[in-house]
Amino acid sequence: MCSTAGGSRPLLIHAVTIAWANERYTGGTYSAFAPGQVTRFWSALRTPVGPIHLAGEHTDEYWGYMEGAIRSGQRAAKAIAGKRLGRSVGPRRSPDAWLLS
Ligand SMILES: Cc1cc2nc3c(=O)[nH]c(=O)nc-3n(C[C@H](O)[C@H](O)[C@H](O)COP(=O)(O)OP(=O)(O)OC[C@H]3O[C@@H](n4cnc5c(N)ncnc54)[C@H](O)[C@@H]3O)c2cc1C
């Protein structure tokens, strides 16, 4: 950090580095779809299985980022709340629509 942000050394109090690939529960990284996987699995990743709703960055148009993680949680929470209120909240538009917009 000090080499990239010149003059920051006096401001540094503590730093931690993590080898994500060695972390037991994270296992390394965020999703990275191979060609064809988005269109093949997109619907399945977002379709509830009974009472189970999938959330996580891999289920959102902004996959790979915090933004996607938060948006997916909001989507799943909305769908669950909608079910409890007797309203159906379907998946948003497909990634194709998003990529082409
Ligand atoms: C090194 C690195 C740098 C990043 N930098 C950025 C960045 O700069 N900006 C950005 O927006 N995003 C960044 N990201 C991506 C961002 O961290 C993820 O997109 C986001 O955290 C995904 O959130 P999530 O809730 O979908 O999944 P996660 O945060 O992975 O949450 C999944 C949770 O499930 C738990 N879990 C797994 N298996 C089980 C199980 N069997 N039982 C119970 N619990 C389980 C895990 O322990 C974890 O707590 C980075 C990611 C990495 C790894």
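Biologist: How many helices and strands does the chain have?

Modeller: The chain has three helices and zero strands. Keep in mind that this is a predicted model. Along the sequence, the pattern reads α-α-α.

Biologist: How do I read a helix?

Modeller: Start with the general idea. An α-helix has 3.6 residues a turn, so residues three or four places apart point the same way. Now take the case here. Helix α2 covers residues 66-84.

Biologist: What should the 19 residues of α2 span?

Modeller: At 1.5 Å a residue, they should span 27 Å. The end C-alpha atoms of α2 are 27 Å apart, so the two values agree. After α2 comes G86, with a positive phi near 80°.

Biologist: Is Q74 buried or exposed, and why?

Modeller: Count neighbours. Q74 has 12 C-beta neighbours inside 10 Å, so Q74 counts as exposed. Q74 sits in α2.

Biologist: What percentage of the chain's residues count as buried?

Modeller: Of 101 residues, 7% count as buried. For contacts, look at separation along the sequence. Among contacts with a separation of 6 or more, 31% come from residues 24 or more positions apart.

Biologist: Which residues surround the ligand?

Modeller: They include W20, Y25, T26, T29 and Y30. Further along, G56, E57, G64, Y65, M66, E67 and A69 also surround the ligand.

Biologist: How does that shell divide by class?

Modeller: Six residues are nonpolar, four are polar and two are charged.

Notes: Residues are numbered from 1 along each chain as its sequence is written. This is a predicted model: local features need pLDDT of at least 70, side-chain atom pairs count only at pLDDT 80 or more; totals for chains, interfaces and linings use all residues. A residue is near a molecule or strand if its C-beta atom, placed from the backbone, lies within 6 Å of it. Ala, Val, Leu, Ile, Met, Phe, Trp, Tyr, Cys and Pro count as nonpolar, Asp, Glu, Lys and Arg as charged, and the others, Gly among them, as polar. Helices (H or I, at least four residues) and strands (E, at least two) are DSSP runs, numbered from the N terminus. A residue is buried if 20 or more other C-beta atoms lie within 10 Å of its own, exposed if 12 or fewer, and partly exposed in between; C-beta atoms are placed from the backbone. Two residues are in contact if their C-beta atoms, placed from the backbone, lie within 7 Å. The expected span of a helix is 1.5 Å times one less than its number of residues.
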